[in-house]
Amino acid sequence: MSVESPTAERAELPAERGFFGRMAAGTAHSLRLLCTSKSGMVGFFILVFFTLVAIFGPLIAPQDPAASSSYSSHILAAPSSAHLLGTEENGRDVLSLLILGTRISMIVGISAALVSAVIGGIIGISAGFFGGWIDNSLTAVDDWFLVIPFLPLAIVLVSLLGPRASDLPFGKLSIVILVIGVTGWAGTSRIIRSQVLSVKERMFVERSHALGASTFWILRKQILPNVLPLIFANTILIIALSILAESTLSFLGLGDITHPSWGTMLDTANESGAVSAGAWWYFIPPGLCICLLVMGFTLVGYAIEEIINPRLRERQ
Amino acid sequence: MKPVLKKCAVALGTLVFVLVFNFFLFRIAGNPKNDLIRGNPRLSEAGRERLIHQRGLDQGYLTQFRIYVDDTLHGDFGTSFQTNQPVSTMMWAALPNTLILVGISTLLATLIGSWLGIYAAANRGSPGDTGVVQSSLFFYAMPDFWVGMVLIWFFAVEVGLFPTGQKSEPGASFSTLGYMWNVAQHATLPIITLTIGIIGQYVVIMRSSLADVMGEDFVTTARAIGLPRHRVLRRATRNAILPVVALSAITLGFVVSGATVVETLFSWPGMGLLSYNAILNKDYPVMQGVFLVASAAVIVANLIADLAYTYLDPRVRTS
């Protein structure tokens, strides 16, 4: 499906304020527009909430789950005033694990989506802009990544790269990020490619060509600004998918147990028999948090997409 | 006819690409012969040498590649490191189980999802519409294994209505009908889990497709000549159903890989559980086989969806 966006005209205006100036102006503008969409606002507040929890996690959490003092003999104890969400199989406070897991789930989701955005952006722009055999071969690779089932590929990659985890910063966490990012860019590049195809045909690009602008200049000054909003909206939606992907990999035991995320919590809850013990306080909260965060990113992503492409708004 | 041929050629090309890539993917980490030995710990040194030689793992990569392509083209995916059974036998045993789960849940999701989508599009802007859209988004956002955990906790542990996992009661002997009833009981929770996992997309796609069609001229005309509401809706729906058909085909393409997590959670002996166990045990031939079949299924399903589009929608056919 091709996405034809009318942002092109708007985005070429503020060329004088430098990259960050434009980004700031664009962000402020988007936020104002976001306020006009009710579901976008809901999503935005969800994201603000979880971001605050992620940043101030260690200050809010009642316990430090990494400290040996947090382990106790109260195993899988029901919620009480001492432990608002009860305890897990090692007697640790579930609420603390939940709060500190926020950070991991968000970091993995956002970084993996950034990896996808960079790969998808570069491939999509090159395919759309250069055309010819470059387009054909890149589209073939893209096709392949679109049909490859995500989970087997991700699982294979994690288990293959797993032994090399110690060479990387953050160990296995970066492998999870890389694998999710590398397997998740195909949709992005497809959308970017069709946008570049339409921008390339516009009059201002033709004029620059005629005036002798270099390819690199056109790419940087005319193509990139016109696809960045689209990459941005798409990345937000990919974050949601990456968070789900991370939880799935962690649930299958392929996550990084030294950096426990919400998915890791669900894995340990399942492994420790919390489900058959009826310890709902252990596995319901992490799942709900994943749900809410994924919804938050999706709602904001949709709202931004509607801002970029008003045709979608009319359809709603 | 030309675009059809071109689509088939592209699909075939992707398939070949998968075949080649598959071989290298499983050799990035080095020669898998160490994992073969780990799968057979009680063999003597000579026995190991013989086993490695028998599987062709002492050959160069080029020879191994030739053996691999040759085997695959003959429908033989090699021999498992763990069970020493042919991989194809293991896959043939697992495939029907997965088909039951994914087939039924795709059917349920298509029916219920499109019905909800039609309802939402017909009552656009109403509280009912908002409710349907928000809850399908919520369903979309839920990790499917978590849905399964909650269902197991509630329906199997607390209420005791359904078993917690596996395909049938282990060790019990049944009549044919009794066995089927037992399997049905075991399959219920995984099927509900999968259905909840995929239904959201059907609602959203049906709703937006129908909303698009509702804005077209022929619907306005039908309304203007005073056709009753349900007949207008029926005409519009017929024109809006195509994306849903395509989505069903694409969902079925994930028959092999889509249920991995749910099967693992419920210990359901399908392709997903097979591949999960293969990964745990570094059983490369099984992983390789499952990966190839899974990708092939998606490619074929996409091709069918694509061709169905071309066939069913004259606008696509002529453009």
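This is a predicted model: local features need pLDDT of at least 70, side-chain atom pairs count only at pLDDT 80 or more; totals for chains, interfaces and linings use all residues.
1. Fold of chain A. The secondary structure of chain A amounts to 13 helices and 0 strands. Of its 316 residues, 51% count as buried. Take the contacts in chain A between residues at least 6 apart in sequence: 72% of them join residues at least 24 apart.

2. Extent of the interface. Chain B brings 44 residues into contact with 40 residues of chain A. Together the two chains bury about 3,900 Å². Carbon and sulfur atoms carry 79% of that area. On the chain B side, Trp146(B), Met149(B) and Trp153(B) lose the most area to chain A. These three residues together account for 15% of what that side buries.

3. Polar links across the interface. How many salt bridges are there between chain B and chain A? The count is 0. Polar contact is found for 1 residue pair across the interface, with both residues at pLDDT 80 or more.

4. Make-up of the chain B side. The residues of chain B that touch chain A divide into 32 nonpolar, 7 polar and 5 charged. Several helices of chain B give two or more residues to this side. Among them are helix H1 (2-25), helix H7 (144-158), helix H8 (176-214) and helix H14 (284-312).

5. The largest nonpolar core. This core has 130 residues. Those with the most contacts inside it are Leu249(A), Phe283(A), Phe297(A) and Met149(B). Helix H12 (residues 280-308) of chain A supplies the largest share, 16 residues.

6. Around Phe297(A). Which residues does Phe297(A) contact, leaving aside neighbours within four places in sequence? They are Leu47(A), Met106(A), Ile110(A), Ile236(A), Leu237(A), Ile239(A), Ala240(A) and Ile243(A).

7. A second core. A separate core of 23 residues includes Ile118(B), Ile199(B), Leu227(B) and Val232(B).

8. Phe44(A). This residue lies in helix H3 (residues 38-60) of chain A. Is Phe44(A) buried, exposed or partly exposed? Its relative accessible area is 28%, so Phe44(A) is partly exposed; buried would require under 20%. Not counting residues up to four places away in sequence, Phe44(A) touches Leu31(A), Leu34(A) and Val300(A). The C-alpha atoms of Phe44(A) and Gly301(A) are separated by 9.7 Å, with the two residues 257 apart along the chain.

Notes: Residues are numbered from 1 along each chain as its sequence is written. Chains are lettered from A and ligands numbered from 1 in the order in which they are written. Side-chain values use heavy atoms; hydrogens and water are left out. Contact means heavy atoms within 4.5 Å. Buried area is the accessible area (1.4 Å probe) that two parts lose on being put together, summed over both. A salt bridge is a side-chain nitrogen of Lys or Arg within 4 Å of a carboxyl oxygen of Asp or Glu. A polar contact is a pair of N or O atoms within 3.5 Å; within protein, one must be able to donate a hydrogen and the other to accept it, and residues adjacent in sequence count only if both atoms are side-chain atoms. Helices (H or I, at least four residues) and strands (E, at least two) are DSSP runs, numbered from the N terminus. Ala, Val, Leu, Ile, Met, Phe, Trp, Tyr, Cys and Pro count as nonpolar, Asp, Glu, Lys and Arg as charged, and the others, Gly among them, as polar. A nonpolar core is a set of buried Ala, Val, Leu, Ile, Met, Phe, Trp, Tyr and Cys residues joined through side-chain atoms within 4.5 Å. Buried means under 20% relative accessible area, exposed over 50%, partly exposed in between (1.4 Å probe, protein chains only).
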